[in-house]
Amino acid sequence: MLYGRQYLIELGSALALYLVLLFGANYLQQALHPAPLTRIILALTPMVGAVTAAWVIMRAIWRMDELQRRIQLDAIAMSFLGTALLTFGWGFAESAGLPKLRAFAVWPIMGILWWIGGLVAQRRYR
């Protein structure tokens with residue numbers, strides 16, 4: 001199962017790393033007003049935590065049995081397709097006056113749809 005104790009510890013640690021790097025990078029940018037290249041490096045620093053979280057998720061998927069992998073594949077497919085349709089539709093709606101959708105909004109959409117897709121897929125395989 002994706003939500004075992006070891007997984008939660010690893011994912012929690014990765015997300016804590018992400019938050020520390022995010023707040024640290026923001027603080028340093030505000031305090032130091034660095035040169036443009038350094039600003040870019042600082043802005044990308046939280047990605048170390050994000051990549052670590054992605055690695056933790058992949059390791060959890062690799063450890064699953066075939067049914068759990070199938071459930072996750074279905075959930076991820078639903079999430080991918082739902083995110084694609086929502087963002088594509090939003091792009092069309094922007095021409096009608098909706099505000100621009102920032103890239104930061106895509107992951108929460110995808111994550112929520114992955115969770116919903118997981119519930120749907122689990123129910124399907126009962």
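Guide: A residue counts as exposed when its relative accessible area is over 50%, as buried when under 20%, and as partly exposed in between. The model here is predicted. Lys 100 has a relative accessible area of 69%, so Lys 100 is exposed.

Visitor: Which residue forms a salt bridge with Lys 100?

Guide: A salt bridge needs a side-chain nitrogen of Lys or Arg within 4 Å of a carboxyl oxygen of Asp or Glu. The partner of Lys 100 is Glu 94, with the closest N and O atoms 3.8 Å apart. Glu 94 is partly exposed, at 22% relative accessibility.

Visitor: How many salt bridges does a search of the whole structure find?

Guide: The search finds four. Among them is the pair of Asp 74 and Arg 70, whose closest N and O atoms are 3.6 Å apart. Both residues lie in helix α4 (residues 66-94), four residues apart, about one turn of the helix.

Visitor: Is Asp 74 buried or exposed?

Guide: Asp 74 has a relative accessible area of 12%, so this residue is buried. Arg 70, at 42%, is partly exposed.

Visitor: Which residues are linked with Asp 74 in a network of salt bridges?

Guide: The network links Asp 74 with Arg 70 and Arg 124. The side chains of Asp 74 and Arg 124 meet at 3.1 Å, N to O. This pair links distant parts of the chain, as Asp 74 is in helix α4 and Arg 124 in helix α5 (residues 106-124), 50 residues apart. Arg 124 is exposed, with a relative accessible area of 56%.

Conventions. Residues are numbered from 1 along each chain as its sequence is written. This is a predicted model: local features need pLDDT of at least 70, side-chain atom pairs count only at pLDDT 80 or more; totals for chains, interfaces and linings use all residues. Side-chain values use heavy atoms; hydrogens and water are left out. Helices (H or I, at least four residues) and strands (E, at least two) are DSSP runs, numbered from the N terminus. Buried means under 20% relative accessible area, exposed over 50%, partly exposed in between (1.4 Å probe, protein chains only).
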